[in-house]
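Please examine the sequence and the structure before reading on.

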Amino acid sequence: MSLLEIIVYLLVAFLGAAVVFSKRPINQLFVYTSFGLALTLLFFVLHAPDVALSELAVGTLALPLLILVVLMKTADKV
Amino acid sequence: MTLRGRTILYVCSAVLAFAVMMYGATGLPPFGSFSGAYTDLVLQITTAERHVYNVPTAINFDIRGFDTLGEEFIFFTSVAGVLFILSAVRGKTQTHPEPMESEPGIVRTGALRWFPTGLTAFIAAMAMDLAAHGQLTPGGGFQGGAVFGSALACVFLGVGMHAFLQTARKDLFDQFEALGAFAFGAVGVSAMWVTGYFLKNVLPLGQTGATVSGGTIYLINIAVFIEIASGFTVLTAVFLNQTRQTQELEE
Amino acid sequence: MSNWTLYVPYAIAFWLFAIGCFGITQSRSLVHTILCLTVVQASTYTLLLSIDFHAKAAAPIYSSNYAPGRPAVDPILHALTLTDIVVGATVTALLLALTLQIHRRKGTIDPQRISEMRG
């Protein structure tokens, strides 16, 4: 295992824990976007460009948009 | 059960499950040295038999095409479920005519208006390029459709909600999605009508490396792209429509 | 186990699974629960792609430069995973629509308060 793979795996593990332990949902949304980017890096390092394209398109484009709409509608009235 | 009791119970069982899973993982091949008989066979014969360079695309749409048909119907059912749930509330706002820029105080001019609108065309073109060359380069119907689904959201960013809802019309893209799902099944059934095998590759295979190659792989690729792109556009339109109803109900 | 570091990728996949489930038990908001469920899904993709990795093999996309038949990683798991990612995102959208409906009915999206309300 080369150093690149070790670093990317540890990055994915750390960001996965960061998604779970975020306090407010709006913070969690942006940590989730960077978790999607780290997953894309991991899939690319594992010689899987198809899967990396899929995860990039879904995890950073489509899903955060929908989650943002839901957060906007379910926010408490300020 | 209280939160503390739930946490303690979960941590105990998670440690046990983790230990059992790691013990099971010792039976797996060590990282970086996988070899299987089916893998070697598929890699040897796919390009020769199907005239397609992108092996996962050939597996998705031809060798294991039946599994992809099932996944597409999961997609279709989920989008139908979202439409069913979110259209259960029809406010009085549906027939309410509103001006073009319905957000008060936000008037976009200049680069803020035209740059996202130009970006829409660029993203849509790139998505169609990803999908059309699915059998030559990494890509295909699934990736191109997911990218296209967010292309029309740039219209919302640039111009406003009303223009976005006129562009991404729910009923039009709904019909496109149904067309894509139907086309996949129709290709399979017509193959069955010709040769007796469902989803058999019956069209001429073409030359490896040409844009149109692979026979029915190309047709199914286009059908999947139409369905996934329309499905994601419908999802985006329905979700953004929900915010509009809130704003108008509050006024 | 001759070299224990070669099993760390599997441990990281199981770690993601465990930490995602932990987030589901602790969550205070249904959107948080849905994102933790997405982390659990990501752990399965990581495990699938870690199994089929071969260090000396390229991606399973051939071209005129890289002749077909040369060593490549397993393409079947790639095909399975990439359809799974897109369909999993749509099921997450279905869960988000259910969250909106729950908010409309109950007024809150705290899973620990929803079970206390009746009717």
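Which residues in H3(A) meet which residues in H6(B)? A:Leu53, A:Ser54, A:Ala57, A:Val58, A:Leu61 and A:Ala62 in H3(A) are in contact with B:Phe142, B:Gln143, B:Ala146, B:Val147 and B:Gly149 in H6(B), where contact requires C-beta atoms, placed from the backbone, to lie within 7 Å. The model is predicted, and local features need pLDDT of at least 70, side-chain atom pairs count only at pLDDT 80 or more, while totals for chains, interfaces and linings use all residues. Residues are numbered from 1 along each chain as its sequence is written, and chains are lettered from A and ligands numbered from 1 in the order in which they are written.

**The packed helices**

Two packed helices are described by the angle between their axes and the distance between the axes. The table gives these values for H3(A), which covers residues 49-73 of chain A, and H6(B).

| Helix pair | Angle | Axis distance |
|---|---|---|
| H3(A) and H6(B) | about 20° | 9 Å |

Axes are lines fitted to C-alpha atoms over the stretch in contact, and angles run from 0 to 180 degrees between N-to-C directions. H3(A) and H6(B) are therefore roughly parallel to each other, a term for angles under 35 degrees. The residues of this contact divide into 8 nonpolar, 3 polar and no charged. Nonpolar here covers Ala, Val, Leu, Ile, Met, Phe, Trp, Tyr, Cys and Pro; charged covers Asp, Glu, Lys and Arg; the others, Gly among them, are polar.

**The nonpolar core**

The largest nonpolar core has 121 residues, and A:Val58, A:Ala62, A:Leu66, B:Ala146, B:Val147, B:Ile228 and B:Leu235 touch the most other members. Such a core is a set of buried Ala, Val, Leu, Ile, Met, Phe, Trp, Tyr and Cys residues joined through C-beta atoms within 7 Å. H10(B) gives the largest share of this core, 17 residues. Leaving aside residues up to four places away in sequence, A:Val58 touches A:Leu63, B:Ala146, C:Ile85, C:Val86 and C:Ala89.

Chain B contains 10 helices and 0 strands; helices are DSSP runs (H or I) of at least four residues, and strands are runs (E) of at least two. Of the 251 residues in chain B, 37% are buried, meaning that 20 or more other C-beta atoms lie within 10 Å of their own. The contact between these chains takes 49 residues from chain B and 45 residues from chain C. On the side of chain B that touches chain C, H4(B) supplies the largest share, 10 residues. By class, this side has 29 nonpolar, 17 polar and 3 charged residues.

Technical notes
Buried ≥ 20, exposed ≤ 12 C-beta atoms within 10 Å, placed from the backbone. Contact = placed C-beta atoms within 7 Å. Parallel < 35°, antiparallel > 145°, perpendicular 65-115°, else oblique.
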